[in-house]
Structure formats: C-alpha cells, structure tokens
Amino acid sequence: MTQTLSPLEMEIRRIISVAGPMPVAHYMDLCLAHPKYGYYLTREPFGAGGDFTTAPEVSQMFGELVGIWAASVYGMMGKPAQVHLVELGPGRGTMMRDILRATQVVPEFRKALSLHLVEISPKLEQAQREALEGFEVKRHWYRRLEDVPAGPAIIVANEFVDALPVHQAVKQAGGWHERVIGLDKAGNFKLGLAPYPIPHFDRLLPQRVREAPIGSIFEWRTDNLPLEIGRRVRDGGAALVIDYGHARTDIGDTLQAVGGHAFVDPKSAPGTVDITAHVDFEIFGSSAESMGAAIHGPVEQGEFLRRLGIEARAAALKARAPDKAGEIDAAVTRLTQGGRTGMGELFKAMALADPRLGPLPGFVV
Ligand code: SAH
C-alpha cells in the first residue's frame with residue numbers, strides 16, 4: 001500500500017512513527033514548506049489552472065491601489081533618500097508589478113526605491129523575476145524577512161500570514177490540549193489531542209476565550225513575524241498586511257485546505273493542497289505594537305479599497321477600455337463585496353507603522 005503514497009506523506013508517517021503524533025502546526029509546516037516536497041516549493045498554486053485566486057490575480061486595480069498607498073506613505077515618511085519596498089510572499093509577482101506600474105508617476109519614490117522580496121519557493125522566485133523584467137529598479141530575494149537589510153521600509157503582504165503554521169488547542173475539562181495528527185490503526189492520518197493540557201495556557205487567553213465551552217478550538221501562531229515587522233517599522237516605516245481573518249481574538253477551527261478551487265480535507269494528500277488558517281488580527285497587531293509600532297485598522301478590504309479610490313480607478317480603466325467594462329465591474333464586486341464569493345468582508349487590511357506618521361490612507365474616513 002505504501003508504494004502509492006507521496007514522498008511527503010511517507011516522510012510525515014515516518015516522523016509520526018518515531019516521534020509520536022505531531023502538532024497541527026508542525027504538519028502544516030511540512031505540508032507547505034518542506035524544503036523538497038512542500039506545496040509552495042513544488043507547485044504553481046495560482047490562477048484558473050491552480051488551486052486558488054488571490055486579489056492581485058483578480059485585477060490590476062488591487063496592486064495599483066496598494067502602490068498608491070505605498071507612495072503616499074513614503075511622502076508621510078518625509079521622503080527618505082532610500083527606502084526598501086519589501087514584499088512577503090509575492091506569489092507570481094503580480095502585485096509588485098502593478099505597484100511599480102502605478103508608481104511610475106511618482107519619480108522621487110521610484111528613485112529612492114529598492115525591492116526586497118521574501119519568498120521560500122525558488123519556482124515562484126523565478127516567476128517573480130520574470131514578472132518584474134523591464135522595470136528599472138534594484139531587486140533582491142530572501143528566504144526570510146530577518147535577512148532583509150535594515151533601513152526605512154514599506155512592507156506589504158497579501159495572503160502571506162494565512163500560510164504560516166497555526167497551532168490548535170481544544171478545551172477539555174482539565175485544560176487546553178494541543179491538537180495533534182497521528183495515525184489510526186489502518187495507518188491513516190487522524191486528528192487527536194495531546195495527552196496532557198498545555199500548562200497555564202488559560203492565563204494567556206482573553207476572558208471570552210477562557211470561558212468558551214468544552215470542545216472549543218483555539219488557534220495561535222508562534223512565528224515572530226509581527227514582532228519583526230513592528231521592530232522594522234517603528235522608526236520611520238510602515239507595513240500593510242491584507243489577509244482573511246478576524247478582527248478580534250476568538251475561538252473557532254479555521255484550518256482549511258484547498259485544491260483545484262475546492263475545499264478538501266487538510267489531512268488528505270499532504271503537499272499537494274494548500275493549507276491555511278485565518279489571521280488573528282488582534283494578536284498580530286498587539287504583538288507588533290509591543291515592539292513600538294502603531295496599529296491602524298483592521299478594516300474590511302472592501303472598505304479599504306473604496307477609501308483608496310477603487311471606484312474612480314475602475315471608471316478610468318473603463319473609459320480607456322469600454323469593451324472590458326463588464327470584467328472591470330465584476331472585479332470591483334469580487335474585491336469589495338461580502339457574501340460567499342466576495343473578498344470584501346472576510347479579508348481585512350491592517351497597517352503597522354511608526355507612530356509619528358499619524359493616520360494612514362485607507363484607515364481614516
Ligand atoms: N501574495 C501573493 C501570493 C500569496 S500565496 C498573492 O496575493 O497572489 C503565499 C505566498 O507566500 C507564496 O508566494 C508562497 O510561496 C509564499 N510563502 C509561503 N510561506 C512562506 C514562508 N514561510 N516564507 C516565505 N514565503 C512563503
């Protein structure tokens with residue numbers, strides 16, 4: 001039977017058989033970022049032929065508005081002679097390409113700019129290099145944000161944080177037990193609970209989570225990304241994080257897997273499907289704040305894009321290409337409306353910035 005398993009599934013089974021059931025976060029990390037077999041390292045996840053579509057892939061307007069946001073924040077920073085434009089998880093490079101195109105009209109920003117792209121996948125790095133061909137701007141790639149040189153920075157990240165591993169704990173009578181993935185008698189992956197509760201876990205939780213009923217699931221991330229972002233922006237920088245998630249810390253199982261534009265079991269076919277979990281913007285913001293950054297938002301993506309002028313941008317595009325009017329209207333709807341297929345409500349934008357910058361575009365009415 002084992003011959004039909006993928007190399008990653010064999011590897012995960014091997015680890016479980018020697019070390020015992022593994023936390024959901026460890027499983028997610030292996031599925032997405034295993035250096036040889038991880039989802040992001042082996043696949044082209046985006047677009048109609050891929051597994052999911054992201055906002056920059058829906059319409060050029062998304063990246064253009066993020067570009068306008070970045071250029072105005074650069075002005076608020078006092079136009080430093082050099083600024084790093086950092087993107088975390090740039091995917092196919094579409095958003096960065098649209099940012100660069102839209103900011104061609106702000107020459108001082110463009111002159112000060114160098115690009116710093118943080119990407120684990122060599123394949124996607126190659127796609128990003130191709131997408132950015134032809135733009136006169138210095139560019140560098142890294143595997144981790146920690147490796148990006150220090151200096152005034154504008155950091156942008158769309159659908160990046162949801163891909164970072166998430167831990168889950170389930171409330172039981174005696175405390176919160178970490179959720180783990182083990183093997184059942186037939187040798188299939190099976191969700192279970194660690195035998196002992198996590199010591200003092202309750203003390204870290206907000207009251208409404210502490211008082212949740214038995215069986216409730218709580219999710220948290222242990223990466224230091226919000227701390228690292230806070231540290232980098234507090235002295236003259238800003239970061240824009242857009243992702244799906246909740247504005248307040250709460251209970252709920254949001255772990256999901258997507259393959260071929262459909263939801264699938266996260267335990268199925270490891271490495272061949274995308275696994276994500278919602279972003280807890282409250283914790284993300286307060287972690288960055290603890291490093292000295294000011295929090296802006298979160299605001300719903302629809303509201304954020306409207307404040308940045310998506311309607312005017314759409315009207316300008318339609319005037320130039322009347323035959324594309326239907327397509328442009330559909331993109332505005334998809335990006336700004338709620339409901340089952342809309343990205344406007346579930347997705348949220350949050351900025352973290354040097355407190356001296358004051359209110360940022362998109363975060364004030
Ligand atoms: N921002 C893009 C892609 C989102 S998908 C868009 O909106 O279309 C997530 C991206 O983050 C991919 O480029 C993926 O390869 C990258 N990624 C995932 N985990 C990462 C990690 N731990 N470090 C660096 N990049 C990562």
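Author: The chain contains 14 helices and 16 strands, where helices (H or I, at least four residues) and strands (E, at least two) are DSSP runs numbered from the N terminus. This is a predicted model, in which local features need pLDDT of at least 70 and side-chain atom pairs count only at pLDDT 80 or more, while totals for chains, interfaces and linings use all residues. Residues are numbered from 1 along each chain as its sequence is written, and side-chain values use heavy atoms, with hydrogens and water left out.

Now to the ligand, which sits in the largest pocket. A pocket here is an open set of points on a 1 Å grid over the protein atoms alone, with protein on both sides within 12 Å along at least five of seven lines, and a molecule sits in a pocket if more than half of its atoms lie within 2 Å of its grid points. Around the ligand there are 16 residues, of which Thr54, Gly89, Gly91, Glu119 and Asn158 come nearest; a residue counts as near if one of its heavy atoms lies within 4 Å. By class, this shell has 8 nonpolar, 4 polar and 4 charged residues, with Ala, Val, Leu, Ile, Met, Phe, Trp, Tyr, Cys and Pro counted as nonpolar, Asp, Glu, Lys and Arg as charged, and the others, Gly among them, as polar.

Among the polar contacts (pairs of N or O atoms within 3.5 Å), a polar side-chain atom of glutamate 119 lies 2.5 Å from an oxygen atom of the ligand, and a backbone N or O atom of glycine 91 is 3.0 Å from a ligand oxygen atom. Isoleucine 120 places a polar backbone atom 3.3 Å from a nitrogen atom of the ligand. The protein buries 93% of the 570 Å² that the ligand exposes when taken alone, by the Shrake-Rupley method with a 1.4 Å probe.

As for the whole chain, its C-alpha atoms fill a box of roughly 65 × 45 × 40 Å along the principal axes.

Technical notes
A polar contact is a pair of N or O atoms within 3.5 Å; within protein, one must be able to donate a hydrogen and the other to accept it, and residues adjacent in sequence count only if both atoms are side-chain atoms. On a 1 Å grid over the protein atoms alone, a cavity is a set of points where a 1.4 Å probe fits but cannot get out, and a pocket is an open set with protein on both sides within 12 Å along at least five of seven lines; lining residues have an atom within 4 Å of a point.
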